[in-house]
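Here is a report to read alongside the structure. Keep the 3D view open and look up each residue as it comes along.

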Amino acid sequence: MKRELLVGVLAVSLAFSTWVAEPAFATGTNPEKKLKEIQQDKKKAKTDLNKTQAELNEKKKKLQALEEQVGKLDEQIASHTKKLLDNQKLLEKQDKQFKETLVRMYQKNELDYTAQLLASDSFSEFLTRYETLRVILKRERAILEGYIETKNKIEKEKAAVEAKKEKQAPILKAAQKEYQSIKSVLAKQTNNLEKLEHQEELTKEAIEEKNRLVREANGMYSGRGTGVLQWPANGKVTSGYGWRSGRMHEGIDVANSIGTPIYAADSGTVSLTKSNPGGYGYYVVINHGNGLSTLYAHMYRSTVTVSVGDKVRKGQRIASIGNNGRSSGPHLHFEVHKNGNPVDPMKYLP
Ligand SMILES: [Zn+2]
């Protein structure tokens with residue numbers, strides 16, 4: 001490899017490495033490293049999340065158990081309330097009955113006490129009658145007292161249940177608070193994990209983009225063209241492709257001063273460098289490996305920096321404009337061959 005070419009390749013490599021680094025990762029960080037870090041963070045975030053989820057499940061179980069307990073207490077209170085209502089009805093009924101009996105007794109016995117006494121055939125008969133009524137009254141009063149006792153008993157039980165519920169209330173409240181706080185931690189962690197997943201996605205895309213650029217760059221050095229040509233030199237097109245004064249002009253002429261750079265129109269491999277003093281002067285052919293070849297003519301040998309077999313990159317300088325061979329002034333004669341036949345270069349140039 002010629003020294004100039006080596007320098008050129010180095011320069012191109014340097015240019016290329018900055019070119020790759022700049023657009024793909026402006027921060028200057030290595031995306032593979034970043035991805036690894038994100039994935040580690042993600043792993044940790046997942047572990048944390050699972051822990052929190054387990055904790056939340058446990059708290060939920062505890063909360064549900066407490067809620068169930070309070071629910072049972074509520075049921076008991078409701079049942080006691082119903083029992084009290086039922087008992088109250090019986091109690092009122094009995095109370096009424098008791099009072100009626102009292103009134104009846106009073107009217108029949110107490111008021112007519114003397115009359116009864118006098119009306120009795122004997123004192124013992126009076127006593128018997130009086131005793132019977134007394135027993136009836138006593139029995140009704142006992143029933144009434146039974147209802148009152150029942151009422152007191154239910155009320156006491158109900159109060160005990162209510163006290164129990166009251167005692168449970170702060171415990172339940174604390175459990176609810178605990179559950180809510182862990183739930184919010186879980187929400188934050190879920191959000192964090194989602195963010196990391198998004199970052200991972202973006203980093204993966206950055207890596208994919210970088211790898212694509214590297215593949216493209218490799219393609220440039222593999223001697224294969226992109227299929228899209230660039231202008232091989234700055235200048236004025238002084239002659240086009242086609243018939244010109246009775247003979248075929250198989251390329252275009254780009255006129256400019258001697259020493260103007262000539263660039264490879266596309267990436268490829270130099271397939272020919274040749275001197276033809278009576279015609280093309282010193283000329284170069286590049287094979288682009290996709291059916292296309294380009295030819296550059298009228299240069300001086302000393303300006304040509306490539307040799308046969310060299311892989312060139314699209315836009316790489318290969319020579320300078322000369323006025324060598326059958327040439328009426330400094331210009332580049334440029335040809336494009338498709339599958340070995342010359343075609344109009346203008347069809348391939350932007
Ligand atoms: Zn020409």
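## Starting at E250

Let's begin with E250, which touches Y241, E335, P342 and V343 when residues up to four places away in sequence are left out. You'll find E250 in the loop between β3 and β4.

Now try a pair. The C-alpha atoms of E250 and N341 are separated by 9.4 Å, although these residues are 91 places apart along the chain. Keep in mind as you click around that this is a predicted model.

## The chain as a whole

Time to zoom out. The chain has 350 residues, and 32% of them are buried. Its secondary structure consists of four helices and twelve strands.

How many of the contacts between residues at least 6 apart in sequence join residues at least 24 apart? The share is 71%.

## The zinc site

Which residues coordinate the zinc ion? They are H249, through its NE2 atom, D253, through OD, and H333, through ND1, at 1.9 to 2.2 Å. Along the chain, these donors follow the spacing H-x3-D-x79-H. H249 belongs to strand β3 (residues 247-249) and H333 to strand β11 (residues 331-338), so this pair ties together parts that are 84 residues apart in sequence.

Are H249 and H333 buried or exposed? Both are buried.

## The largest pocket

Next, find the largest pocket, with a volume of about 460 Å³. Its lining is made up of 20 residues, and R244, H249, D253, H298 and R326 are the ones that lie nearest the centre.

Which strands each supply at least two residues of the lining? They are β3, β4 (252-255) and β11. Sorted by class, the lining has ten polar, six charged and four nonpolar residues.

H331 sits in strand β11. Its relative accessibility is 8%, so H331 counts as buried; the cut-off is under 20%.

What does the side chain of H331 meet? It makes a polar contact with the side chain of D253, at 3.4 Å. A polar atom of the H331 side chain also lies 3.0 Å from the backbone oxygen of G329. Setting aside residues up to four places away in sequence, H331 touches D253, V254, A255, N256, A297, H298, I321 and G322.

Most residues other than glycine have a negative phi. Two residues here go the other way. H298 has a phi near 75°, while N339 has a phi of about 50°.

Where do they lie? H298 is in strand β8 (residues 292-299), and N339 is in the loop between β11 and β12 (341-343). At 4% relative accessibility, H298 counts as buried. N339 is at 61%, and therefore counts as exposed, since the cut-off for that is over 50%.

## Along helix α2

Finally, take a look at helix α2, which spans residues 31-111 and includes S79. S79 has 33% relative accessibility and counts as partly exposed. S79 and I154 are 75 residues apart along the chain, and their C-alpha atoms are separated by 9.9 Å.

T52 is found in helix α2 too. Is T52 buried or exposed? At 7% relative accessibility, T52 counts as buried. What does T52 contact, leaving aside its neighbours within four places in sequence? Its partners are I182, V185, L186 and Q189.

How values were computed:
Residues are numbered from 1 along each chain as its sequence is written. This is a predicted model: local features need pLDDT of at least 70, side-chain atom pairs count only at pLDDT 80 or more; totals for chains, interfaces and linings use all residues. Side-chain values use heavy atoms; hydrogens and water are left out. Donors are N, O and S atoms within 2.8 Å of the metal (3.2 Å for Na, K and Ca); water is not among the atoms, so sites may look incomplete. Buried means under 20% relative accessible area, exposed over 50%, partly exposed in between (1.4 Å probe, protein chains only). On a 1 Å grid over the protein atoms alone, a cavity is a set of points where a 1.4 Å probe fits but cannot get out, and a pocket is an open set with protein on both sides within 12 Å along at least five of seven lines; lining residues have an atom within 4 Å of a point. Grid points are joined across faces, edges and corners, and a volume is the space filled by probe spheres set on the points. Ala, Val, Leu, Ile, Met, Phe, Trp, Tyr, Cys and Pro count as nonpolar, Asp, Glu, Lys and Arg as charged, and the others, Gly among them, as polar. A polar contact is a pair of N or O atoms within 3.5 Å; within protein, one must be able to donate a hydrogen and the other to accept it, and residues adjacent in sequence count only if both atoms are side-chain atoms. Contact means heavy atoms within 4.5 Å.
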